[in-house]
Amino acid sequence: MKADIQWQENSGKIAATKKSLIQYLICSGPSTLADIAKNLDLSIPTIAKFTSELIDENYILDLGKTDTMTGRKPNLYGLNPKVGYFIGIDVQHKKVCLGLTDFAGTMSGKMTTVPY
């Protein structure tokens, strides 16, 4: 029983860390592992592990190398826009406005207004 509770606690921490990583990328856009680790106050190996898992789960993409003035060029990681979509609905007095965004927050097409 004790092992089950510990596993559930660890599972909750893992999910919370992955959620924090995705939220960071939503707010900040594509970032390097070092930037993510610094802003989430976690180690680079921990962030690398969770980023790798999220890449395997198709939520994050490796966007390739980024330009730096000196040293080794780090990889840039960002959200996979095709993993899911969100529909926004704004109900007003005489119309409804509909919008569709991809997982990365980019508006797909234009906002549609439907009078009623």
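The following conversation goes through the predicted model of one protein chain.

Me: What should I know about the model before starting?
Reply: It is a predicted model, in which local features need pLDDT of at least 70 and side-chain atom pairs count only at pLDDT 80 or more, while totals for chains, interfaces and linings use all residues. Residues are numbered from 1 along each chain as its sequence is written, and side-chain values use heavy atoms, with hydrogens and water left out.

Me: How many helices and strands does the protein chain have?
Reply: The protein chain has three helices and five strands; these are DSSP runs (helices H or I, at least four residues; strands E, at least two), numbered from the N terminus. Along the sequence the pattern is α-α-α-β-β-β-β-β.

Me: Why is the protein chain described as more spread out than a compact globule?
Reply: Its radius of gyration is 19 Å, well over the 13 Å that the globule rule gives for 116 residues, so the chain is more spread out than a compact globule. The radius is taken over C-alpha atoms, and the rule is 2.2 Å times the number of residues to the power 0.38.

Me: Changing topic, where is Lys18?
Reply: Lys18 is found in helix H1, which covers residues 2-28.

Me: Is Lys18 buried or exposed?
Reply: Lys18 is buried, with a relative accessible area of 14%. Buried means under 20% relative accessible area, exposed over 50%, and partly exposed in between (1.4 Å probe, protein chains only).

Me: Which residues does Lys18 touch?
Reply: Leaving out residues up to four places away in sequence, Lys18 touches Phe50, Glu53, Leu54 and Glu57, where contact means heavy atoms within 4.5 Å.
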